[in-house]
Amino acid sequence: APSIQRADYRPLAWTVETVDLHFCLEPEATVVTNRMLCVRNREAEAGQIRLWGEDLERLSLTVDGQAPQAVREQGALLEIDADGERVVVEVQTRINPKANTTLSGLYLSNGGFFTQCEAEGFRRITCFPDRPDVMARFTVTLEADRAACPVLLSNGNLVEQGELPGGRHYAKWEDPFPKPSYLFALVAADLVALERKVETMSGREVLLQVWVEAGNLDRVEHAMDSLVHSMRWDEETFGLELDLDRFMIVAVADFNMGAMENKGLNIFNTKFILAKPDTATDIDYENVESVVAHEYFHNWTGNRVTCRDWFQLTLKEGLTVFRDQQFSADMLGRMANEAAGPEGAASARAVKRIDDVRVLRAAQFPEDAGPMAHPIRPDSYQEINNFYTATVYEKGAEVIRMLHTLLGPEGFRNGMDLYFSYFDGQAVTCDDFVEVMSEANNGFDLDQFMRWYSQAGTPRVKASGQWNAADGSYTLTLAQSTPATPGQHAKLPLVIPVAAGLIGPDGRDYPLRLEGESQPGATTRVLKLTEEAQSFRFVGLAAEPVPSLLRGFSAPVILELDEDDARLAFRMAHDADPCNRWDAAQRYAERVALAMAADPSAGVPAAFLEAFRALLGNAALDPAFRAQALALPGEAYLLERMTPADPLALRAALVRLMRTLGASFAAEWLATCEAMQVPGPYRYHPADAGRRALANLALRYLAAAGNAQGLALAQARFDAATNMTERFGALAALVQSTHPAREAALAAFHARYRDDALVLDKWFALQAGAWRWDAAAVPTLERVKALMADPAFSLSNPNKVYALLGTYFRANAGEFHAADGSGHAFWADQVIALNARNPQVAARMARALENWRHFVPALQSSIRAQLERVLASPNLSPDVAEIVGKALD
Ligand code: DPP
Ligand code: ZN
């Protein structure tokens with residue numbers, strides 16, 4: 001497949017000033033009339049008007065009311081000759097939303113019309129210069145059946161509405177802000193709204209609406225609160241105000257991604273809007289808050305200032321993920337502060353940071369080590385939809401976080417202010433952003449920092465220390481290297497901020513004093529590693545310190561530090577940085593799990609059990625933190641750390657490890673579960689959520705060990721639960737056990753929520769993710785196949801696919817990679833089936849096997865055969881072809 005190169009970017013010869021769209025909405029034959037005022041682009045070379053259109057039936061095309069002089073068509077591209085400076089191009093197309101199973105462009109969901117245009121869906125609605133550097137003012141008229149679609153929404157302000165003959169009605173919307181076509185949206189459906197009026201920082205009253213199906217109105221309060229909090233936060237933190245009189249969010253059950261930041265009309269996957277205690281877990285509540293914030297924040301970072309081309313995607317995504325992460329940390333910190341003071345706030349923030357690091361390590365590190373490895377600003381792609389990646393989003397956010405660390409909060413804020421003052425209303429590049437950050441900070445040198453935008457691969461930082469007892473100095477040497485990635489062999493040194501602390505023998509941090517400084521300062525210092533290797537000499541130390549490096553996970557790198565078990569245990573007990581304390585526990589657990597995988601007769605070392613017990617029994621620690629530190633590293637992350645990766649051996653080891661940890665501390669787990677009771681009605685609050693998380697983890701360990709009291713407790717908590725977090729936590733424990741009551745509990749859960757699509761997703765995922773705790777149990781694959789026949793399952797609904805197939809492919813390696821290759825063959829069947837319906841969803845599933853070369857040889861041959869089968873299958877979409885092609889390259 002041809003690939004598109006970043007270096008080939010050229011501005012278009014013609015751009016668009018205003019667009020007038022008219023939709024005559026009919027499920028199977030919607031007619032779109034599109035009137036564009038096209039203007040010659042003075043900054044570009046002369047050329048034709050270029051429009052893109054895909055899967056459209058073109059009914060007519062005129063230029064200034066006439067048949068065009070000359071039209072060339074090649075594939076999706078339409079080139080039209082035009083004279084003069086300004087011409088009106090009018091194109092009429094017919095589309096079939098009902099037949100659109102790709103969920104890109106205009107499609108139907110439960111009888112309503114919805115759109116998704118990022119990245120290139122608008123060209124599936126009408127012919128248009130469908131690129132983000134074309135920013136136009138949109139006017140949209142919708143016309144539809146009143147009974148089927150009583151609500152008609154588009155971007156901006158409602159300027160007119162009325163009745164039409166034949167039971168139809170219309171609405172006209174005007175968006176005062178120029179925007180690229182990927183931010184266009186419409187909704188025509190039978191919905192109701194929760195409304196709120198709030199005042200912005202400048203005293204303007206704005207109307208907020210969250211639109212859902214009538215039956216869901218009792219679960220939108222949290223989304224609305226999250227929206228209001230996001231508005232306040234952006235005003236207070238960045239001085240950014242909502243620029244519209246009306247801001248709408250619409251929830252839809254069929255949606256490829258999480259949500260979409262269309263101007264003034266965000267469209268969301270229901271999963272990230274709907275939440276009430278009986279149906280949503282604490283994690284769901286947290287996700288709703290952060291996704292609502294993310295999309296809202298895009299209004300400035302993405303919409304007012306957008307991307308010049310799709311290679312710049314991280315310009316808006318990395319920055320906006322960083323913003324939503326900071327927002328969530330602030331919200332959690334604020335709530336925790338009310339309950340537990342500044343210490344509680346610090347812990348809540350750290351726990352949020354640990355969550356973010358977990359995601360990065362589980363999803364982005366493997367991506368950076370495989371055939372899809374790319375810089376946060378890629379140089380080429382075949383299908384842009386495949387580049388909405390953990391690298392562009394999560395690593396992109398880490399890059400922004402490093403800038404924030406290097407410039408400090410004020411310097412960063414000054415840079416943001418300058419960014420908006422220069423680029424408001426424009427489509428710009430990552431270079432523009434970094435340059436402005438430098439300019440706002442007295443020319444702060446960021447030239448070398450720019451390599452984070454161009455180099456792929458996870459850098460390694462190797463640290464070693466030299467203690468000199470004679471003069472009380474400690475020399476820390478840091479060396480960096482980045483492994484080769486596809487198409488990028490030589491790597492240059494990066495700017496890596498390494499936050500460092502030195503812990504004394506008593507477990508307390510030393511105030512740090514570097515050679516040449518007159519007195520000791522703070523206990524954590526950010527060391528700037530810019531060379532291949534650099535040494536830092538700390539002086540004035542009373543005894544040999546234990547280094548604690550990369551505190552707060554100050555850079556997206558893999559830290560290689562030779563630490564023996566005793567040091568890891570020491571840091572697990574004493575590291576003042578919660579992120580590193582957690583990381584010490586993860587490193588120790590990783591070491592134990594991988595040793596057990598390498599040697600099936602190896603047991604759990606007593607010293608690890610001791611260190612684990614010390615954390616478990618430390619009631620002074622925030623329960624949320626303990627839940628993080630006592631949870632084993634994820635299976636995907638461990639597989640990445642194992643060479644060669646052997647998922648079956650790892651699973652066997654994890655089963656033994658869980659059992660041992662459950663059985664060895666049964667009394668402690670039972671007592672912890674008891675102690676973590678949360679009194680009173682459910683509230684979404686980090687203090688309560690932490691207690692519930694720890695209690696649920698306790699049940700998991702007890703159930704894994706087959707502890708009778710623990711299983712009885714899980715059953716009792718399942719029966720008596722008054723909220724989803726506790727009910728689902730107990731169910732998850734029962735399912736991850738050999739307990740005979742597991743089937744009854746699954747059935748009871750199903751009966752209770754049989755009509756609730758989102759809760760059934762949890763029910764599907766839980767079964768697809770189940771391990772086999774009993775060698776005689778049926779393989780999970782049999783269960784997954786049976787569940788595909790369940791009436792609630794559908795290959796057409798992305799959430800269902802992600803829940804059942806996605807969980808099995810991506811979160812159950814020990815079952816998916818069954819030695820007989822049955823999982824791989826099933827994977828190929830499903831990727832081929834999905835490819836025909838929804839290439840974006842198919843490509844996501846296809847990615848589950850891309851790191852196959854990292855596996856043991858026996859699995860490689862089985863996987864290669866299935867990759868080849870998919871690649872050879874007919875009508876392969878560019879989306880799937882790129883993934884499978886790169887995997888086989
Ligand atoms: N731009 C969207 C988001 O990340 C993805 N469709 O919010
Ligand atoms: Zn985004």
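1. Glu-286 counts as buried because it has 21 C-beta neighbours inside 10 Å (buried is 20 or more other C-beta atoms within 10 Å of its own, exposed 12 or fewer, partly exposed in between, with C-beta atoms placed from the backbone). Keep in mind that this is a predicted model: local features need pLDDT of at least 70, side-chain atom pairs count only at pLDDT 80 or more, and totals for chains, interfaces and linings use all residues. Residues are numbered from 1 along each chain as its sequence is written, while chains are lettered from A and ligands numbered from 1 in the order in which they are written.

2. Glu-286 sits in helix H2, residues 282-297 (helices are DSSP runs of H or I, at least four residues, and strands runs of E, at least two, numbered from the N terminus). Ala-275 is 11 residues away along the chain, and its C-alpha lies 10.0 Å from that of Glu-286.

3. Now the sheet: it is open, with four strands ordered S9-S10-S15-S12 and antiparallel pairing (a pair needs at least two DSSP bridges between the strands). S9 (105-109) and S12 (151-154) are the edge strands with a single partner each, so one side of each has no neighbour in the sheet. From one strand to the next, the twist averages 20° (axes are lines fitted to C-alpha atoms, and angles run from 0 to 180 degrees between N-to-C directions).

4. S12 and S15 (residues 186-189) run antiparallel and are joined by four bridges. Val-151 stands opposite Ala-189 in S15.
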